[in-house]
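Hi there,

Here is the structure I promised to pass on. Have a look at it first, and then read my notes below.

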Amino acid sequence: MIRLGTVLVAVVMTVGCDIPSINTDVVRVGTFLPARGFDCPLQILFGPMPFPSRDVARARTTCPDHMSSEEACYEDMRRQACLTGADTIYGITEGFVNGSWTVTATFARTVVVGVDGAAAGGCDPICSPGFACQAGTCVPQCNPPCEANEICSRLRSCEPAKPHVPVKVAPAAPGAMGKP
């Protein structure tokens, strides 16, 4: 029994030595976005960003053994990008830094652009449940919908619409505008 335990410890220690220590440091540079799943779809670009986007974070992945862990390095960076809410990794550079293989990149989220060239009405941050994004603003949604003479309040309840009352402005007294 003791021999079996010793063998298992030796196997675990040997296997543990073969697993490279991969570390990805992430620094957020933009608006906080909700995380996406670990296996989220991503675009990976080695060059500059070719379409409208906004940067979410910058990352540096350190891989001690380039030859045996390059795939694992990119996989770790990809997971970190998903956690920041990014959908694209771009501007990737690779090289040795202090004896370790290092990969740096920028994480970004693409921006949908409308026909007029302006960013289409996405809300940032995303709207809470019960609210819908309309032209970049989170608007409460009442269920059931309000009647024609009601509005949906921020508490998501229908309230009477307040009639628009024009404000009357008194004419300026002679000389009030700096003229005699």
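A term to start with: residues are called buried under 20% relative accessible area, exposed over 50%, and partly exposed in between (1.4 Å probe, protein chains only). Please keep in mind that this is a predicted model, where local features need pLDDT of at least 70, side-chain atom pairs count only at pLDDT 80 or more, and totals for chains, interfaces and linings use all residues. Residues are numbered from 1 along each chain as its sequence is written, and side-chain values use heavy atoms, leaving out hydrogens and water.

Now the overall picture. The protein has 2 helices and 9 strands (DSSP runs numbered from the N terminus: H or I of at least four residues for helices, E of at least two for strands). Of its 180 residues, 22% are buried.

The structure holds 4 salt bridges, each a side-chain nitrogen of Lys or Arg within 4 Å of a carboxyl oxygen of Asp or Glu. Arginine 78, in helix α2 (residues 66-83), pairs with aspartate 39 at 3.2 Å. That pair spans 39 residues, with aspartate 39 in the loop between β1 (23-28) and β2 (43-44). Arginine 78 is buried at 15%, whereas aspartate 39 is exposed at 65%.

Arginine 78 also meets glutamate 75 in a salt bridge (3.1 Å, N to O). Glutamate 75 is partly exposed at 27% and forms another salt bridge with arginine 79, at 3.9 Å. Through shared partners, Asp39, Glu75, Arg78 and Arg79 join into one network.

Enjoy exploring!
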